[in-house]
Amino acid sequence: MLQHKNTSNLVLKAIKSRHSFMSAVNLRSISLLLVALWSLNSFAQIPGIPTNISLPTSIGRPTTATATGTKNSGSRKVTEIAAEKNEIDSLRKKKELALNEADSNTVNLRKKIFGYSIFNNSKITFDSYARMATPKNYILGPDDEIIIDINGYSESHLTLPISPDGNIKVDRVGNIFVSGLTIEEAKKRIVSRLSQIYVGLKASGGVPANTTATISLGNIRTIRVTVIGEVIAPGTYAVSSLAKVFNVLYQAGGPNENGTFREIKVIRGKKLVARVDLYDLLTTGNLRQDIALQDQDIIQVTPYKARIEIAGKVKKPAMFEILPNENLDMIINDYAGGFLPEAYRGVLKVTRYTDKERKLVDLSGDLLSSFFPKSGDFVAVDQILLDRYENAINLKGAVFRPGRYSLSDNSTLVKLIKRADGFKEDAFLDRILVVRLKSDLTKENIAINYKEILSGVAPDFPLKREDEISVYSSLDMMENYTVRIQGEIKLTSMEGFAEKTPTGSTALGILPNGSGETPSIGTYPYVKNMTVEDLVVKAGGLKESAATGRIEVIRRKKNIGQDDPSKITPTIGEKFQFSINPDLSMSPSASKFILEPFDEVFVRSSPNYERQQFVSIDGQVIFPGVYALERKDEKLLDVIKRAGGLNAQAYPAGATLIRRVKLTDQEVERKARQIQDLSDNNTETSVKVEPIKQVYEESIGIDLVDVLENENSKSNMLLQDGDILRIPKEPQTVRMQGEVLYPTSTRFIEGASFKHYISESGGFTSLSSRKRSYVIYANGSVDRTRKLLGLVNVYPKINPGSEIVVPRINQKQMASQQVLGIISTITASLTGIGTIIALMRAIQ
């Protein structure tokens, strides 16, 4: 510890008297001493020196032998110790900090500079020198390490550092001075001195050498290189002695937006030893100017002298630093990578700064080699006219190969059509149109009859640049001919339809057929000589319900050529009615009726065709269940008889017929409107209305008692598909609901009145609308309360199973009744007061 303290005091004195200390040892020795002190934790004992400093250390080459003398493998590696890693990290952070501090304009400017990205790309690095083989011209210096392997008759392994004096010390040989020598020169000197003790290293007396000595470099020293001038992160960098100019420039971030790439100076001992042009590396990839650095070298990056910008259609648009002897042709081809294929080389636009303003120079493309740009020039390379061709003509329409063609190879219309593989079958040759651009840039239309050219009546038509030739299709000029069929057809597929949604008068107001289904409609392209049977086959065939003996075809009344108003008739269509073969075979019985464009074919439903229809009878019959209707005029009594009649528990007065009702959209809308109007007009009562359903079941009140007594009664209704006849047991109760004090059900009493059952439920409430009360009977029929002479309420009769409903009075009517009550009370009060006054006067 005392030794450490004495050493610390010596270092402190040396630091305080730097000039005298530097005369004894160099800066490198101080660094090594500080590192040694740091490893011994002695900085804490030196006043004035912070304990959190980070010092660079040399990049070490690990020896491949132990102290016991194991043989060296001959390979050389660089050891990255913690101190070195810390310094590399601090340099990287310094570089990143300098990059982050730049504003957006500076960053955008740097990105434009040619070569800037090579020093600021994380995927590019110049650190590979640490693992490269030792160059033969490597100059040894203090802190380098020499590894000597002796093999053969004698064997030995030596690891010898070079002392600050430049010597290596070998046992029994002494000091060998190697500092300043190249590795090759050092090998010769060391082998020569070792041969004094290892006699087998050299042949003598006709005896060949039986011992070999291998000299290699172990750990290498660290040098300090200073980067000054226009760089991203100037400063002093500790690097390997193998480092070169590009290695250090990369760590410093390379030249900044003002730095030169063409003349980077390397200064050694106050002398200029090299000028480095980075463009040599950027354009050729050659590292011949990447010279090795030595300790205390200075890399100076001065401001650029001349820079131009090239933009537009070149392969590498950027800002380029130029030298006085470089012309624009060389700059574009060597630095900018040359022109893009679509570049317009006839004239380049050069914007140049003058002493007062800017000026524009139109530079001809054949003068590039004689044009020497000036600093600040902006060279714009435009694009050729991509939408124009110097010898193109355009062919389109009814030809097999439409498109652009060369005028040079197709100078006439006939040649052009042959090159396009000719016309399509539907080509309209009577009028081919050519749109031509005239000299005044206006367009003219030229019509050509190609048939006359083919027949020799007219000469071949010569074409010109930018001509647009249109060959039209005869089908395109025709109306879209279709035929339509509807009715009892299968229409199993939409394939082949001319239109999926039918249009026209026949598509409006389509009514269901006899079976209640909406007929199918199919529209197909018209084909000549198409018969009705052909159209039916396209539509998927006929349904079982089709009436093949009554096919109708409606044809337009064309009156073509009859434009005389006197010949106008009220006829708008012709009707054809005939029968077709049901199996659609081409037999003699086939119709042979040929269709024309826009014919409408109707396949009617057979009047005698009916699908099976079913009704259900539930309740108190002998055989309840589902029954199929046998006739269209089958009635209630017929089905009851088929069910075996009523049983002993049946209550025919309560029989109900339930029928499924399906409303159309128009009926739903009309019904909703009617209910709304009714609600708006009715100011006395409020009725709760259920939402209107398109498909619902409704109960129909029937008088089954009358039907059973009289077969010809009007109550003996015709049945429909889906009807349900329900015959209940005789009910024994009456139900009260609505505006009564206690809605409930009570026992039916023969002859009891309406008010009796209201009393059974507690009576009317103050909100009861008595005159609107009604009764729903067991068979679904309804009876309402009536007024006798407009004064007395006459309530309906009550039967077993009846349901009494008392509606709620609305607010307006209640308010009116309250006003009338108040008025009556006031009137009665006034009448009483008047009577008292009259009596008092009579007494007097």
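A salt bridge is taken here as a side-chain nitrogen of Lys or Arg within 4 Å of a carboxyl oxygen of Asp or Glu. By this criterion, Arg-262, Asp-277 and Glu-326 are joined in a network of salt bridges. The model is a predicted one, in which local features need pLDDT of at least 70 and side-chain atom pairs count only at pLDDT 80 or more, while totals for chains, interfaces and linings use all residues. Residues are numbered from 1 along each chain as its sequence is written, and side-chain values use heavy atoms, with hydrogens and water left out.

Helices (H or I, at least four residues) and strands (E, at least two) are DSSP runs, numbered from the N terminus. With buried meaning under 20% relative accessible area, exposed over 50% and partly exposed in between (1.4 Å probe, protein chains only), Arg-110 is buried at 8%, and Glu-257 is buried at 16%.

A salt bridge also connects Arg-808 and Glu-739, with 3.3 Å between the closest N and O atoms. Here, too, distant parts of the chain are linked: Arg-808 sits in strand E39 (residues 808–809) and Glu-739 in the loop between strands E32 (733–738) and E33 (744–747), 69 residues apart. Arg-808 is partly exposed at 37% relative accessibility, whereas Glu-739 is buried at 16%.

Attention now turns to the nonpolar core, defined as a set of buried Ala, Val, Leu, Ile, Met, Phe, Trp, Tyr and Cys residues joined through side-chain atoms within 4.5 Å. The largest such core has 52 residues, and those touching the most other members include Leu-249 and Phe-320. Helix H7 (residues 245–251) gives the most to this core, with 5 residues. Beyond four places in sequence, Leu-249 has contacts (heavy atoms within 4.5 Å) with residues including Phe-119, Ile-264 and Val-301.

Finally, 5 strands make up an open sheet of mixed pairing, ordered E27-E26-E31-E28-E30, where pairing requires at least two DSSP bridges between two strands. Strands E27 (625–628) and E30 (695–701) stand at the edges with a single partner strand each, so one side of each is left without a neighbour in the sheet. Strand E28 (residues 656–662) pairs with E30 in the antiparallel sense over 7 bridges, and Thr-656 has Gly-701 in E30 as its bridge partner.
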